[in-house]
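Biologist: I would like to learn how to read a model feature by feature. Could you take me through one?

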Amino acid sequence: MRPVPVRCPACEEPLAVKALFCPACGTEVVGRFALNEFALLPKEHLDFLRLFVRARGNLKEVERLLGVSYPTVRARLEALLKALGYEAEAREKEDRLEVLEALRRGEITLEEAAARLREGKG
C-alpha cells in the first residue's frame, strides 16, 4: 500500500480524511477526521523519526546508523522539531535554563531572574 497523501495534488493545501474502511469486515466510517502531526510529516522527517525511535533517542547511535556527523544529526532533529511545531517550546525551555544558569553564576539577581521568567524572556 502507498502512504496516505496529505496534500492536494491540485492546490497543495492539506487534505482531510473523510472515510475509513475496515478491510476485514467491510465496515466504512464516514465523517471528518483530522490527521495527527506525524501523518503530515514529509517522508524525510518521518524516516528520521523512525530511526530516532529505533535508536531509543540516542543521537550518537543515530549518527552511527546514518553515517553522518553529530552536528548533522542535531540539525535533522531540529528540523523535525520545527516541522512538528515544537521549536518554540524547546526555545522557551532553553531560555528558562539560561536565566537559571545566569542566576547560578551570579550574573543576575534573584529578582532579575524572577522578572525574566515571569515576562517569558527566559
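**Reading the features**

Modeller: Arg-56 is exposed, at a relative accessible area of 76%. Keep in mind that this model is predicted.

Biologist: Where does Arg-56 lie?

Modeller: Arg-56 sits in the loop between α1 and α2. Its backbone deserves a look too. Arg-56 is not a glycine, yet its phi is positive, about 55°.

Biologist: What is phi of Glu-12?

Modeller: Phi of Glu-12 is near 70°, again a positive value in a residue other than glycine. Glu-12 belongs to the segment before β1.

Biologist: Now the cysteines. How many disulfides does the count come to?

Modeller: The test is a distance: two cysteine sulfur atoms must lie within 2.5 Å. By this rule the count is 0 disulfides. Take Cys-8, which is in no disulfide: its nearest cysteine sulfur belongs to Cys-11 and is 3.7 Å away. Cys-25 is in no disulfide either, with the sulfur of Cys-22 as the nearest one, 3.7 Å away.

Biologist: Is Cys-8 buried or exposed? And is Cys-25 buried or exposed?

Modeller: Use the cut-offs: buried is under 20% relative accessible area, exposed is over 50%. Cys-8 has 18% relative accessibility, so it counts as buried. Cys-25 has 57%, so it counts as exposed.

Biologist: Let us turn to strands. Where is the place of Lys-18?

Modeller: Lys-18 is in strand β1, residues 17–21. Its relative accessibility is 61%, so Lys-18 counts as exposed.

Biologist: Which residues is Lys-18 in contact with, leaving aside its neighbours within four places in sequence?

Modeller: Contact means heavy atoms within 4.5 Å. With those sequence neighbours set aside, Lys-18 touches Val-29, Val-30, Gly-31 and Phe-33.

Biologist: How far apart in space are Lys-18 and Gly-57?

Modeller: Their C-alpha atoms are 34 Å apart, and 39 residues separate Lys-18 from Gly-57 in sequence.

Biologist: On to the helices. Which residues is His-45 in contact with, beyond its neighbours within four places in sequence?

Modeller: First place the residue. His-45 is found in helix α1, residues 43–54. Its relative accessibility is 13%, so His-45 counts as buried. Beyond those sequence neighbours, His-45 is in contact with Ala-79, Leu-80 and Ala-83.

Biologist: How many aromatic pairs does the structure hold?

Modeller: For a pair, read the distance between ring centres, then the angle between planes. The structure holds 1 aromatic pair. The ring centres of Phe-48 and Phe-52 are 6.3 Å apart and the planes are at 20°, so the pair is stacked. Both residues lie in helix α1, 4 residues apart, about one turn of the helix. Phe-48 counts as buried, at 6% relative accessibility.

Biologist: Last, helix packing. At what angle do the axes of α2 and α3 cross?

Modeller: Read the approach and the crossing together. Helix α2 covers residues 59–66 and helix α3 covers residues 70–84; their axes come within 9 Å and cross at roughly 110°. Angles of 65 to 115 degrees count as roughly perpendicular. The two helices, α2 and α3, are therefore roughly perpendicular to each other.

Biologist: Which residues of α2 and α3 meet?

Modeller: From α2 come Leu-59, Lys-60, Val-62, Glu-63 and Leu-66; from α3 come Tyr-70, Val-73, Arg-74, Arg-76 and Leu-77. The residues of this contact divide into 6 nonpolar, no polar and 4 charged.

Terms used: Residues are numbered from 1 along each chain as its sequence is written. This is a predicted model: local features need pLDDT of at least 70, side-chain atom pairs count only at pLDDT 80 or more; totals for chains, interfaces and linings use all residues. Side-chain values use heavy atoms; hydrogens and water are left out. Axes are lines fitted to C-alpha atoms, for helices over the stretch in contact, and angles run from 0 to 180 degrees between N-to-C directions. Angles under 35 degrees count as roughly parallel, over 145 as roughly antiparallel, 65 to 115 as roughly perpendicular and the rest as oblique. Ala, Val, Leu, Ile, Met, Phe, Trp, Tyr, Cys and Pro count as nonpolar, Asp, Glu, Lys and Arg as charged, and the others, Gly among them, as polar. Buried means under 20% relative accessible area, exposed over 50%, partly exposed in between (1.4 Å probe, protein chains only). Rings of Phe, Tyr and Trp (its six-membered ring) pair if their centres lie within 6.5 Å; planes under 30 degrees apart count as stacked, over 60 as edge-to-face and the rest as tilted.
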